[in-house]
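Good morning, everyone, and thank you for making time for this.

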Amino acid sequence: MPPTRRATKPAVPEQLGFAGMPERLFVCTPSKLGAYTDCPRRYRYSYVDRPSPPKGPPWAHNSLGASVHTALKNWYMAPVERRVPESLPALLKATWVREGYRDVEQERVTYQRALDWLESYVATLDPEDEPLGVERVVAAKTSVLALNGRADRIDTRVGPAGPEAVIVDYKTGRSGLSPDDARGSQALALYAFAAERMFRRPCRRVELHHLPTGTVVAHEHTEESLNRQVRRAEETAQDIMAAEKAVAGGADPDAEFPVNPGSLCGWCDFRKVCPAGASVAAKDPWTAVEHLSA
């Protein structure tokens, strides 16, 4: 009688670990990092929870900003001979986003204000200038980050040592701007950091162009100040990765991604599903553009 053969389990390939292997990079945009800085709970709702909680209705000020940005992009994409103020009504109409407004009259007034801004702004531009990039994605890696982001415009200008890149960011909000807004913007600094590496030329100057008032505020970064902003971004990324890892291991998501209640709660897309946000009076989707028709 032949010997009984013992049943064996099929071999399962084992994932081998290697000591000293680098940690995975944190893939992010400046807005992703900013969401966590503003409120870790909002970050969780946006990037961690799946499915993501339902958002509130679209915001009129976001529609306005997107419309103006796209119109300016298309102005630069047009042939030089068509980069004239007379082309702007058609460009803005073609890109106009209609969501979030209280009614047709408010939308009409806002459209006219946006067209006025564009006409005044374009009058300050040289149609023959060709930027390095318009709505250009820039990217760079550090030991922690795999960073990418879309810059509104990247200009080329001549500096003391030759050609330089300049980050230009359009703003359409109600509030005026100061040089401190340009100096303290982590997003602009990260764009500059990435652009300098992509275009292989200095990129230290960042500018905020506020279309409603026609003002430009700027800041000249140093290598040290750019690196300081990158280190801050890396620290934020490490905090996020630690929280995500803890949640994956069974930790309480509310504890790892705490809420940061404040005035921004009324504007949060997730106000209705957040206990802290639900206690704050909601803003109407058109609140931020009401002053345009006053």
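This is a predicted model: local features need pLDDT of at least 70, side-chain atom pairs count only at pLDDT 80 or more; totals for chains, interfaces and linings use all residues.

Residues are numbered from 1 along each chain as its sequence is written, and side-chain values use heavy atoms, with hydrogens and water left out.

The protein is divided into domain 1, residues 61-123, and domain 2, residues 133-231, with bounds that come from an automatic or database domain assignment. Their C-alpha centres lie 23 Å apart, and the contact, meaning heavy atoms within 4.5 Å, takes ten residues from domain 1 and ten residues from domain 2.

How much area do the two domains bury between them? The value is about 1,000 Å², with 72% of it on carbon and sulfur atoms; buried area here is the accessible area (1.4 Å probe) that two parts lose on being put together, summed over both. On the side of domain 1, His-69, Trp-117 and Tyr-121 lose the most area to domain 2, and together they account for 56% of what that side buries.

Between the domains the count of salt bridges is zero, where a salt bridge is a side-chain nitrogen of Lys or Arg within 4 Å of a carboxyl oxygen of Asp or Glu. Looking at the side of domain 1 that touches domain 2, helix H3 (60-77) and helix H5 (104-122) each supply at least two residues, and the largest share, seven residues, comes from H3. These helices, like the strands, are DSSP runs numbered from the N terminus, with at least four residues (H or I) for a helix and at least two (E) for a strand.

Turning to the records, UniProt, in an unreviewed entry, places the feature "domain: PD-(D/E)XK endonuclease-like" at residues 29-275, although such annotations may be inferred rather than shown by experiment. Over residues 29-275 the chain is 46% helix and 19% strand, and the end C-alpha atoms are 27 Å apart.

Finally, most residues other than glycine have a negative phi, and most peptide bonds are trans. Here a cis peptide bond, with omega about 0°, joins Arg-50 and Pro-51, and Pro-51 is in the loop between helix H2 (40-48) and H3. Glu-135, which lies in strand S2 (residues 133-141), has a positive phi, near 50°.
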